[in-house]
Amino acid sequence: MENEALLERFQTLVKEKNYRELSVYLDDQLITDIAELIHEEPDDAGIIINNLSIGRAAAAFRILDFPVQEDVIRSLTPAKVAELMNELPADDRTAFLEELPSEVVKELIKLLDPEERRITLSLLGYKENSVGRIMTPDYIAVREEWTVKQVLDYIREHGKDSETIDVIYVIDEKGILLDDFRIREFLLVSPDTVVHTLMDDRFVSLHANDDQEEAIQVFRMENRVALPVVDDNGVLLGIVTIDDMLWIANEEHTEDIQKIGGTEALDEPYLDMPLLRLVKKRVGWLVVLFIGEMLTATAMGFFEDEIAKAVVLALFVPLIISSGGNSGSQASTLIIQAMALGEITVTDWWRVMRREIISGILLGSILGLIGFIRILLWNSLFHTYGEHTVLIGATVGISLIGVVLWGTLSGSMLPLILKKCGADPATSSAPFVATLVDVTGLLIYFTVAYSLMRGILL
């Protein structure tokens, strides 16, 4: 732990059972240090939470990883759990509850105050991974007929209960969103100014059923700290803040990286996941890839006669299939990342294909030339390939162009095809693309070899 002084002082006060001084000491620490202390001393998590003021306890709890949050809840009394659950912001409480088994959620919801229970049930009613699940109903909304003075007075009275006061929302009597303002726009005008004279009706909002990944792109494009969430009728339901988006973006990025590596998303920290469950997450793709690689043996068996006549062809099989697999993995990773950042969409498929065709030909030509030169050089030094060295080199060089081109096309198009079909593009992982290109690369290699060597070596 970086803050060794905090850890030592905590252990001393707990050993002395001096909980009054412990409460004062913990309340003076940074929230991030408190969270680190809980990670360092998981068996004492209940003591830490119990000796924090409830507001700081909730602030620390909300930034803990889910498995740690579970451990904390188990260590608290029902009364303390109720106090903590009611203090948590609605969006953080919902994010925690949606990870729990349904029977546990039912018990925890019973501990909430009526109003907090209503809000939580409302948020849990939205589909998983929707914006509605992460929005908070704690925001500042004003009326267009108010003056700036009335707005500022209202903020002073109710701002402490809001998730943020950086952005103020204007609604009508039906709750329909009319506009939004950064608070500085109210601070820089006369107090007698009427709100509607400042309105330009230009605002960006999210729909409660929008996907969270789409919301990340909106935040990135609009450079906002908070965005309003509305229903089909334009009624303001809540807001989503940038801290929630950063959390979601980190989770999505982690999940994509794991899928690109050829495994299912782990959903919890690596060291906290039971070994058998970790194996289960990994074995599915490994079996699929293993079966796919069996087709490589099948393809080689199909060309068994050609290999028997020209054994030298078998020497370059690893070179051919690895080059195609590497180029496909490169393309797949680049396209998945570009899609995650919103740089390309499914409608850009032709532009992507055109670029990858040119890239594949250039990359394949470079590798093919290197392979051709290597074969000639090796033969001049060791006389390895006999009198048909140039023909063998040409076969390898041309095959590399074809295989690398096919690899880049497969790697770039597969994520777009999956996205078009409604699947996660990240499932077109690098190992999957490499396996696909391995099999087809052999077909390209031996087809080129048969075409060039027929009547000579074959």
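Predicted model: local features only at pLDDT ≥ 70, side-chain atom pairs only at ≥ 80, totals over all residues.
Which residues does UniProt list for "transmembrane region"? In an unreviewed entry, UniProt lists residues 283-303, 357-377, 389-409 and 429-452 under that name.

## Domains and listed spans

The domain assignment of the protein gives three parts, namely domain 1 (1-125), domain 2 (141-241) and domain 3 (275-453). If the centres of domain 2 and domain 3 are taken over C-alpha atoms, 52 Å separate them.

## A sheet of three strands

An open sheet is formed by three strands in the order E4-E5-E6, and its pairing is mixed. Strand E4 (206-207) and strand E6 (236-241) each have a single partner strand and stand at the edges, so one side of each is left without a neighbour in the sheet. In general, the strands of a sheet pair through backbone hydrogen bonds, and the pairing can be either parallel or antiparallel.

Both kinds of pairing can be followed here, strand by strand. E4 and strand E5 (residues 226-230) run parallel and are joined by two bridges, and in this pairing His207 stands opposite Val230 in E5. E5 and E6, in turn, run antiparallel and are joined by five bridges. Val230 stands opposite Leu236 in E6, so that Val230 has a residue opposite it in each of these pairings.The hairpin of E5 and E6 has five residues between the strands, and in this hairpin Gly234 takes a positive phi near 85°. As for E6, five of its six residues are buried, so this strand is largely enclosed by the rest of the structure.

## The second largest pocket

Rolling a probe the size of a water molecule over the atoms shows where empty space is left. In this model, about 320 Å³ of space lies in the second largest pocket. The pocket is lined by 17 residues, and the closest to its centre are Glu87, Leu88, Pro89, Asp138 and Asp161. Helix H5 (54-62), helix H7 (78-87) and helix H10 (114-124) are the elements that give two or more residues to this lining, and H5 gives the most, with four residues.

What kinds of residues make up the lining of the second largest pocket? They divide into seven nonpolar, three polar and seven charged. Because domain 1 (1-125) and domain 2 (141-241) both give residues to the lining, the second largest pocket lies between them.

## Two residues with a positive phi

Most residues other than glycine have a negative phi. Asn129, although it is not a glycine, has a positive phi of about 70°. Asn129 is placed in the loop between H10 and helix H11 (131-134), and with a relative accessible area of 38% it is partly exposed.

Asn223 is also a residue other than glycine with a positive phi, in this case near 55°. Asn223 is found in the loop between helix H14 (212-222) and E5. Is Asn223 buried or exposed? Its relative accessible area is 62%, and a residue counts as exposed over 50%, so Asn223 is exposed.

Asn3 has its place in the segment before helix H1 (4-16). At 21% relative accessibility, Asn3 counts as partly exposed, because a residue is called buried when the value is under 20%. Asn3 and Gly325 are 322 residues apart in sequence, and their C-alpha atoms are 46 Å apart in space.

Glu252 lies in helix H15 (residues 242-260) and is buried, with a relative accessible area of 14%. Between Glu252 and Tyr154 there are 98 residues of separation in sequence and 38 Å in space, C-alpha to C-alpha.

How values were computed: Residues numbered from 1 in each chain as written. Heavy atoms only, no water. Pairing = 2+ DSSP bridges. 1 Å grid on protein atoms, 1.4 Å probe; cavity = no way out; pocket = protein on both sides within 12 Å on 5 of 7 lines; lining within 4 Å. Points joined across faces, edges and corners; volume = space filled by probe spheres on them. Nonpolar A, V, L, I, M, F, W, Y, C, P; charged D, E, K, R; others polar. Domains from an automatic or database assignment. Buried < 20%, exposed > 50% of the residue type's maximum accessible area, 1.4 Å probe, protein only. UniProt positions renumbered as here; feature names shortened; annotations may be inferred.
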